[in-house]
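Here's a quick walk through one structure for anyone meeting it for the first time. Take a look at it below, then read on.

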Amino acid sequence: MGVAGAPRHFVCLVCLLVVAVVCFIFVILSAYFGCSVVEDLRFASYYGDHMVLQKAPQRASLWGFGPEGSQVTIHLSGPSTQNITSAPVTEGIWLVSLDPVDAGGPYNVTAVCRGSSRTLTDVLFGDVWLCGGQSNMYFQTSQIFNASEELALSSKYPHVRTFMAALDTSDTELTDLIGVELPWSVPSANVVSQFSAVCWLFGRYMYDRLKYPVGLVESCWGGTPVEAWSSGRALKLCGLDDPEDSPQTQNSALWNAMIHPLLNMTIYGAIWYQGEANANYHKDKYNCSFPAMIDDWRMAFHQGSGWQTAPDFPFGFVQLATYKENTTDDGFPDIRWHQTADVGFVSNLRMKKTFMAVAFDLPDKTSPYGTIHPRDKQDVAHRLTLGARAVAYGEKGVAFAGPFPYRIVSTDESVNITYDQPVSVAPSKNIFEICCSERKAPCGPGSSWVPAAILSWNQTSVQLSASSCPRPSEATAVRYAWSDWPCGFKACPVYSAARILPAPPFLIHKYSGPLKRPGTPPEQDPRGE
Ligand SMILES: *[C@@H]1O[C@H](CO)[C@@H](O)[C@H](O)[C@H]1NC(C)=O
Ligand SMILES: *[C@@H]1O[C@H](CO)[C@@H](O)[C@H](O)[C@H]1NC(C)=O
Ligand SMILES: *[C@@H]1O[C@H](CO)[C@@H](O)[C@H](O)[C@H]1NC(C)=O
Ligand SMILES: *[C@@H]1O[C@H](CO)[C@@H](O)[C@H](O)[C@H]1NC(C)=O
Ligand SMILES: *[C@@H]1O[C@H](CO)[C@@H](O)[C@H](O)[C@H]1NC(C)=O
Ligand SMILES: *[C@@H]1O[C@H](CO)[C@@H](O)[C@H](O)[C@H]1NC(C)=O
Ligand SMILES: *[C@@H]1O[C@H](CO)[C@@H](O)[C@H](O)[C@H]1NC(C)=O
Ligand SMILES: *[C@@H]1O[C@H](CO)[C@@H](O)[C@H](O)[C@H]1NC(C)=O
């Protein structure tokens, strides 16, 4: 029987009509989409000529946009060749993981789909480093000391390539970058002058070691707190997801617009220079928010790249330099400490596979860009490079961390600090401080910090005077370089024996948990008695 008893010939008429209309619409649509198919095929915005793709053993991932349901084939031509076809395009996006390619080039990378193609030329394979943070990462090579000498060198490094994301914010996680500030480029004085000095110098110094291509991806923005670069997941872990409490900059706005779109690319590691903006904004949470951001980036890049970017990719950062001379504001020293998850050095149990360039001994009183922007970025980058060689590339015998205490012995007269390595010491009356307390309890409110002069030192130890603690109180904690601007340029009291690496700031309580540094004898109890 026909529908609701309608005559058979009537049903057929409706059928025919519907079929005709559907056919008509299909013809119109396919004519329309048939034209746009050609335009639809493209790479995501950060793929370009002169780029560096991640070398073997990882697989470089390439992605872009294409006509729904079609498949995109990538042809790699150069020192080796490959043809790899994507899975069908879903929601307009294709993704191809290349077979691992050894360092070198140049290659052409061509995407082909339904007779149209797009080609990237002069592509190299090497290590890709992401450079993030705020204004000291943004700080351009043209602004540093000896800028003209540095820029003159740039053309000697044609295998260090640079790319910079445009500055944009978003309320939602974006698939692709909104804009590109500086497309992938072969370095020239002009290109490098506008590029991040720390990022460029790091890449150039690493190239001197690695002797294969290095790709540098700059994605940073001045004045920004860590919350802006963190996903909602990471913020939630630290109780920073309450919009009421985050008036300054919108949480995740730069994560959404400037990091999330990069997740599908394979990278080797990241370097980071940020924290100034948190010295008076959620400062006490930075010991949570910074390590949480690192963990979250690692997880997200690993997933986004189809498990090619390492789940524990190396993460290097710069410990804050200096801002205000003679201030008693503890914003900077507190952030420096929090940058290490309150341990004092990295890597540590909370922050694995990280490395840190200490920079508080590189102040710049007369910086035309403000004292918060010291112009010596060469030493900063050099110290980062030492950490990268040891931590990111596993090079043996590279000293990259300055002296840190592993044993502290205190009496009524003195506090003796023994370092984990030979030290070079200069006298100081006040860079060390002790906390005097009448209770055998951690130094806290109600106790006070007083300067502890260096009385003497030898190859590995420093003896401090404890006489400034009025009896019956005793020294219950000791700290080093706990101020914004503790010393002059490369003139802090404690360095490594070779005077390359400054001893980082520390704060050690006598009555709280033990201090353990990987590589030091476990039976050494730094609290001592
Ligand atoms: C890449 O393409 C350019 C322009 O078509 C061509 O001149 C060059 O030889 C190609 N290089 C390789 C390695 O295929
Ligand atoms: C890849 O495809 C191109 C063009 O179809 C062909 O000339 C080349 O031999 C193929 N290479 C490999 C490694 O399959
Ligand atoms: C972080 O630092 C704050 C302030 O110094 C402290 O109260 C808190 O316990 C620290 N949190 C962690 C996870 O170390
Ligand atoms: C890119 O990474 C994001 C975030 O991890 C993921 O959701 C998305 O599926 C990835 N895109 C492709 C094409 O794999
Ligand atoms: C900080 O103190 C030193 C020593 O008193 C003085 O020479 C210097 O000018 C002061 N700097 C500032 C910025 O006040
Ligand atoms: C700048 O160059 C001079 C002369 O070569 C050198 O002494 C100085 O250390 C350089 N400064 C930096 C920050 O590299
Ligand atoms: C501290 O160091 C001084 C100088 O080396 C030494 O004379 C003194 O005995 C040491 N004190 C302790 C408690 O080890
Ligand atoms: C340095 O002084 C410390 C503390 O007084 C002492 O334990 C150590 O043996 C001395 N080291 C050398 C090399 O003299």
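## A helix to start with

How many residues does helix α8 have, and how far does α8 reach from its first C-alpha to its last? Helix α8 runs over residues 286-304, which makes 19 residues. Its span is 26 Å, close to the 27 Å expected at 1.5 Å a residue. Keep in mind as you look that this is a predicted model.

And is α8 mostly buried or exposed? Of its 19 residues, 15 are buried, so α8 is largely enclosed by the rest of the structure. After α8 comes Gly306, with a positive phi near 65°.

## Who sits around the ligands

Let's turn to ligand 3. Around it you'll find Asp284, Asn287, Cys288 and Asp342. Sorted by class, that shell has two charged residues, one polar and one nonpolar.

Ligand 2 has its own set of residues: His75, Thr81, Gln82 and Asn83. What classes make up the shell around ligand 2? The shell has four polar residues, with no charged and no nonpolar ones.

## Two cis peptide bonds

Now for the backbone. The bond joining Ala56 to Pro57 is cis, and its omega is near 10°. To find Pro57, go to the loop between β2 (52-54) and β3 (61-65).

Another cis peptide bond links Val346 to Ser347, this time with omega near -5°. Ser347 belongs to the loop between α9 (331-338) and β14 (354-357).

Ser252 is worth a stop: its phi is near 65°, a positive value in a residue other than glycine. You'll see Ser252 in the loop between α6 (232-237) and α7 (253-259). Why does Ser252 count as buried? A residue is buried if 20 or more other C-beta atoms lie within 10 Å of its own. Ser252 has 26 C-beta neighbours inside 10 Å, so it counts as buried.

Asp342 also has a phi near 65°, and Asp342 isn't a glycine either. Is Asp342 buried or partly exposed? Its C-beta neighbours inside 10 Å number 15, so Asp342 counts as partly exposed.

Notes:
Residues numbered from 1 in each chain as written. Chains lettered and ligands numbered in written order. Predicted model: local features only at pLDDT ≥ 70, side-chain atom pairs only at ≥ 80, totals over all residues. Near = placed C-beta within 6 Å. Nonpolar A, V, L, I, M, F, W, Y, C, P; charged D, E, K, R; others polar. Helix = DSSP H or I, 4+ residues; strand = E, 2+ residues; numbered from the N terminus. Expected span 1.5 Å × (residues − 1). Buried ≥ 20, exposed ≤ 12 C-beta atoms within 10 Å, placed from the backbone.
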